[in-house]
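Please read each point alongside the sequence and the coordinates.

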Amino acid sequence: MRADWAMVIITGIYVAATIGILITNRKATKATEEQLREMCREFEMINRPIIETEIVYLNKAVLALRLKNNGTHTAQHVKLVLDRSFSDSVLNPSMARLLKEQVDKECIIGVGQYHDVFFGDNDFIKQAEKPPIRGLIEYCCGEKKYSEHFSIDIENYMTIFSIESDDEKLRKLIKDQNSILKQIRIEVAQLKCAASMDE
């Protein structure tokens with residue numbers, strides 16, 4: 001009889017221990033699943049295109065909204081949708097036309113690459129009232145679609161500094177070289193003309 005009770009007690013302890021182990025395993029499994037979901041989310045946030053916006057001043061003459069891919073994958077079907085209040089504030093007719101042509105068009109932006117949307121010139125910089133640039137950038141990578149809202153307060157964004165890029169420096173050097181070659185060509189022609197007159 002005592003042996004039977006001992007077996008019942010041992011079985012009860014065994015059942016309680018098994019239930020305890022089961023509960024602990026379930027908690028560990030749940031924590032592992034949450035950790036796995038977080039790792040997948042972080043992996044997805046890192047391994048995708050990330051389009052960011054900035055304003056650039058090019059060739060000491062043109063302002064552009066630069067859409068830059070700072071992600072790790074190519075952004076496909078990139079589309080910019082601008083707030084109408086900003087589009088209407090572009091007073092220069094050629095810039096307004098250029099802006100309308102660029103907005104709502106799709107493009108592809110590779111990793112580390114950018115796409116410039118021109119919107120202003122030096123007159124725009126001097127313009128008294130400039131509404132913020134607000135809009136939405138839509139793009140995708142494979143089947144996954146992304147959208148980023150942005151708002152840039154131009155008045156407080158930056159001071160416009162004119163910096164020559166390497167391309168601009170090269171263009172200036174080529175222009176200077178062509179000017180020198182043209183001058184040499186004129187002088188050679190004059191020398192030939194003078195030599196033929198002397199004969």
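1. Arg97 is found in helix 3, residues 93-102; helices (H or I, at least four residues) and strands (E, at least two) are DSSP runs numbered from the N terminus. At 47% relative accessibility, Arg97 counts as partly exposed, a class that lies between buried (under 20% relative accessible area) and exposed (over 50%), with a 1.4 Å probe and protein chains only. Arg97 and Lys27 are 70 residues apart in sequence, and their C-alpha atoms are 61 Å apart in space.

2. This is a predicted model, in which local features need pLDDT of at least 70 and side-chain atom pairs count only at pLDDT 80 or more, while totals for chains, interfaces and linings use all residues. Residues are numbered from 1 along each chain as its sequence is written, and side-chain values use heavy atoms, with hydrogens and water left out.

3. The protein has six helices and seven strands. Along the sequence they follow the pattern α-β-β-β-α-α-β-β-α-β-β-α-α. The radius of gyration, 34 Å, is well over the 16 Å that the globule rule gives for 199 residues, so the protein is more spread out than a compact globule. This radius is taken over C-alpha atoms, and the rule is 2.2 Å times the number of residues to the power 0.38. Along the principal axes, the C-alpha atoms fill a box of roughly 145 × 45 × 30 Å.

4. Of the 199 residues, 24% are buried. The protein exposes about 14700 Å², of which carbon and sulfur atoms supply 58%; accessible areas come from the Shrake-Rupley method with a 1.4 Å probe, and for residues only the protein chains shown count as cover.

5. Within strand 6, Cys140 is the bridge partner of Gln76.

6. Ile23 is placed in helix 1, residues 2-46. With a relative accessible area of 46%, Ile23 is partly exposed.

7. Contacts (heavy atoms within 4.5 Å) deserve a final remark. Among those between residues at least 6 apart in sequence, 66% join residues at least 24 apart.

Definitions and conventions: Pairing = 2+ DSSP bridges.
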